[in-house]
Amino acid sequence: MADKRHKLLIANRGEIAYRILRTAKRLGIPTVAIYTSVDAVAPHVLEADESSPVGNTADGEGADPHGYLDADAIIDVAKKHSATLVAPGYGFLSENEDFARKCAAAGLIFLGPQPELIRMMGLKHEARKIAKNAGVPIVPGSDLLIDEEEAVKVANGLGYPVMLKATAGGGGMGLQVCSNDSELRQKFESTQIRSKTLFKDGGIFLEKYFPHSRHVEVQVFGNGQHAIHMGERECSVQRRHQKVIEETPSPFMLRHPHTRHKLCDAAVRLANTIGYKSAGTIEMLVDDDSGAFFFLEMNTRLQVEHAITEAVNPGLDIVELMIRQGIQESSGGRLSASELDQKKYAELPKLHAIESRIYLENPAANFQPCPGLLQLVSWPKSQPWLRIDTWVETGTKVSPYYDPLVCKIIVAGSDRDDAIRHMLHALHDSQLLGPTSNMDYLHAIFASDTFIKGNALTSFLESFDYVPHAIDVLVGGLSTTVQDYPGRSIGFGIPRSGPMDSLAFRAANRLVGNPETTEGLEITVMGPRLKFHVPTVIAVTGAPTKVTVNRAEVAMWTRIIVPAGAVLQVGTCSGNGFRVYLAIRGGFPKIPPYLGSKSTFASCGIGGVQGRALATGDQISLASTCGPSSPSEGQYKVYPEWIPQYPSDWIVYCVAGPQGDEGYVTRDGITAFYETKWKVSSSSNRMGLRLEGPKIKWARENGGQGGSHPSNIIDNGYAMGSINVNGDTPVILTHDGPSMGGFLCMCTIVDSDLWKLGQLRPGNTVQFRRISLSDARALKGHYDTWLDAIEGKILLKAQRGALDYIPSPLFRYDPKLAVYPADEGTGRPEVVYRQAGDEYILIEFGPADLDLSIRARIHLFELEVSKHDWPSGAIRSLAPCIRTTMVHYNSEIISQDTLLAQLIAVERGLPATLADQTFPSRVLHMPIVLDDPWSQACIDDYMRTTRDKAVYLPSNVKYLADNNGLDGGSTEALQLLIQSEWLLLGLGFYLACPFLVPIDPRCRLIGAKMNPSRTMTPEGAVGIAGLVAAIYPVASPGGYQLFGRTLSTWRTWGQGKGFSREKPWILEMFDRIKFYPVSVEDYEKQVAGGTHTFDVKEGEFSMKYYNAFVESIQPEIDNFKKKQLDGVKKTEEREAMLIQEWEEEKAKTTGSSSGVAATVTDPFIPSSMTATCFKVKVQPGDILQDADQVVVILEAMKTEIGVTVGDEFVGKKVKAVLTKPGAAVASGEPLITVEDA
């Protein structure tokens, strides 16, 4: 029925918008979708022929979530897009008389009844009169009430209980059951006010409340002169007077067929009386005791549950009928009476259908809505008896602004029992993971005896006993995240994540009987408060803290049985150590893995609970095996001597390399580095631990093509646990750290000792001690033995310092494992093999500059490595970049010596030169806004908050022009940056961030990294560091010099052509990118919602043609490099002066200690860690009310940490405040003194 004369605007969102869209597409009718910004990438928007935002404000298009209620804006969209029909769906404006009138006035066909009918049937007291006049029984009740006294009088006449109802209400809102005069008086005014607020009409009335009632409705359809019914639906299973499950036929009517006929006849009589047209539903209350039925209300729109009527009437499409009726109306007609044939629906259908509404809500918390990120959505495979109406998919963020309905599961069966079996099967095979949903609750209902027997009344759920197999998060703590061991191993800049202290984490899992790899909770400094709905076996390990179950203290490093309904509280780490670990038997089976791990990487919103730390209101499902294995299972306690004693001064074992040699740092500098007790800065987090100490003694003046600072190198891979020197600041790269970058690494912590990083607190010191690889292996065995001992697997004498290990004095000083000099005769480049940890080898090819023939050689080398016959699991990953590749290997399977020998053999087997090689090389055309406002805003913020004087300020683009000696300034710089294609030489850093270089050497601009780095960079920003450019995959910190903004090449959930769940990035090695400039407006259209389809063309890259091209322009290249060297020299000299000025000013203004006297005689509340005071929450004279009351907020590791009163000082009075915002405080330093009140 393709009808191109008409165009349908869908004035709704979510599943109903998508459902209407499907029918319109089948009918060949063009569609227009409307959306607010949170729905910009919803299916109904993406698949509509046209779309337009509503709710436009000064904050942006679609910024107002109430846009779906803006009748005038919607009609303007309809006019702009030449729509002729408007489908309102349900909710929003579907029963709004004014909207229907405005549609008619604009010449639009509103797919629904006449405006006056919407008004008449929308006011329930009016609808009652109409129903009564049509001979339809009505619930005994009142007209509109004048006041509270009249209400009491009427109620006594009706007899309690009664229901107080808003005349304009709907969806169960505006209803209150009252059992006596007192309750009625109490609820009268509040119901009136709520009615006025929700429905702009404060009218309320009373109806007799039937405690043993059912909710049965009749689907009607009319053409204005003739109406029919399509059978009844029972909707008795309700929470808060809102439907949860609907079915047809009604189980009550199956037992009382005569009543069914009377009910349906009454509905048709009412529809014909008012001359109803389009789809509508007449809702009835059925008294289960007497079988009497009464009119409740009429919904003058499509119902949520219309699908089950369609399911039992194959071929019926109610939305199609509404559209066809509207098209007929547009030419002055109507559907014919023959098309509305009552004979089709008069008798009981041969099928039975049930619908479950899938809500994101917590049934155990009074059905509290649970918006958030859906981490896994999977529905059952297609079946003849199954229909899924949904709008969500993996990665959908469900907004808090709208109804939490995300799906309707509709099943049909040969009879009711068959339908219930199908529904249980469908629920079991569905996965909706992320926020809490009602799916388990629904499963429990369908499995209940009451529902199976068809005896569920409207009050059924009020007493339905449902206990979730879960824990509720009452308080999330400072930063409590889900982690698993060992984390991710995919590479490409996807962080490993996992527990920072893997030793304590593994111990906790062993204590509860889990495999070490099972996910658990990592708790930083301040713990959560959790309610357990079922008996659960747990263990708490890590830094010492107070742990209570129902306020009774329990021991750490113990197997604990938490009873059902109990509350677990993990306190604040006040001594040494920084993280606590909570293992739960069976883990969290309904948290889905992301790229192979459940570990949380909060900075990029992946893994764990919706990609973030736990928050109040979260509910986490537990395994069915979470409880004790038998009634006799008791506690198991670790010997106190086995429990780790965390120091404040740490020694961490490492191996030298990859770059910690005398080519980068002087001999004295290397000695000083290892002798220094580095202080852990408060500016640390899971990405890296910043260290404070003396400046590095460099053996070179700059980083050459890597950048102007001697710490700069041409980008290469990083090993986890590397001590990365960022400018003059050493940073330990930890579990959420980058996998690639352009700073050298002095040494790398051995894999077995990485656990110590999880317990380092700001203010602690750490000294790096080099050990041999044999000691690294022995250290692993030492820790494994300790784990076996605490679990009770082996019997060892308990002793203090059980984790201490004394290595031999032997270690490798020079990280270079092997050096093969260049052969000038054959052209074979130099190859250097560097130790980069006890499980990493970094291989450098050629001199420290950019040479595409070198990168081609690395590519060929990796292909040969992949073909080599390695022991299974020996090679974990390869991380190629500009002139290096990082080999990550499993030291338990292959030794460094064996691996090194075989890598050398592979490289020696390569041809000396690769002049004739070609490689697959796709071309991607990508839009770019040059010198864009988003990047400049980040630079402006950097100047306000971090550093205001630098050669790269206030404009990164002007700096690039100056640094490269360009006479044409910024204009020439930008022209060069888009003149050449860019070749992809590395994927890493974070989230497959691409490392790019211009193919044309005349376009290779050089820039130093910002020092210090920015705290924020826009997603899609393009910047240069050294001579390498990168496209930032997500908004994040960074130090590259920004020159524009393009599209991110990363999509977390793998949506769109070229992306997948397994590979959520689009780029591949040796891809080429060609930028084309666009305006801000054009960019915003392309980037909106992340739905842009990339222009990708297959091709190849020829070294022969490239080398010939370079040779042909060599004089120009030489001239460009000469100017570049002059420019770099001038900017480096200027930067040296500017950074000295900045450091001197910083030293003058740096906040000193709070100045507290060394001795404080009064009782005091101390700082829980070394940090900066962010806010003081009390003042002298205040009474401390509660142990959890926050008195001071500290800022450390980029997070806010509350210092609480503690049990000791509850009821005391604040005597003095000893700190102030901005002041530095040391761990244990007095913050507040107290005295008796």
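Me: Which residue meets the side chain of Asp661 in a salt bridge?
Reply: A salt bridge needs a side-chain nitrogen of Lys or Arg within 4 Å of a carboxyl oxygen of Asp or Glu. The side chain of Asp661 has such a partner at 3.3 Å, N to O, and that partner is Lys816.

Me: How many residues apart in sequence are the parts that Asp661 and Lys816 tie together?
Reply: Helices (H or I, at least four residues) and strands (E, at least two) are DSSP runs, numbered from the N terminus. Asp661 lies in the loop between strand S35 (649-656) and helix H17 (667-675), while Lys816 is in strand S44 (residues 816-820), so the parts they tie together are apart in sequence by 155 residues.

Me: What kind of model are we looking at?
Reply: Residues are numbered from 1 along each chain as its sequence is written, and side-chain values use heavy atoms, with hydrogens and water left out. Local features need pLDDT of at least 70, side-chain atom pairs count only at pLDDT 80 or more, and totals for chains, interfaces and linings use all residues: the model is predicted.

Me: Is Lys816 buried, partly exposed or exposed?
Reply: Buried means under 20% relative accessible area, exposed means over 50%, and partly exposed is in between (1.4 Å probe, protein chains only). Asp661 has 4%, so Asp661 is buried. Lys816 has 27%, so Lys816 is partly exposed.

Me: How many residues apart in sequence are the parts tied together by Arg19 and Asp317?
Reply: The side chains of Arg19 and Asp317 meet in a salt bridge at 2.9 Å, N to O. Arg19 lies in helix H1 (residues 14-27) and Asp317 in the loop between helix H11 (306-311) and helix H12 (318-330), so the separation of the parts they tie together is 298 residues.

Me: How many disulfides does a search of the whole structure find?
Reply: A disulfide is a pair of cysteine sulfur atoms within 2.5 Å. The sulfur of Cys747 is 3.9 Å from the closest cysteine sulfur, in Cys654, so it is too far for a bond. For Cys626 the closest cysteine sulfur, in Cys370, is 20 Å away, which is also too far for a bond. The search of the whole structure finds a total of 0.

Me: How far apart in space are Val139 and Tyr209, C-alpha to C-alpha?
Reply: Val139 sits in the loop between helix H6 (124-133) and helix H7 (148-158). It has 0% relative accessibility, so Val139 counts as buried. Val139 and Tyr209 are 70 residues apart in sequence, and their C-alpha to C-alpha distance is 8.5 Å.

Me: What is the phi of Leu991, roughly?
Reply: Leu991 is in the loop between strand S51 (982-988) and strand S52 (993-998). Its relative accessible area is 1%, so Leu991 is buried. Although Leu991 is not a glycine, its phi is positive, about 50°.
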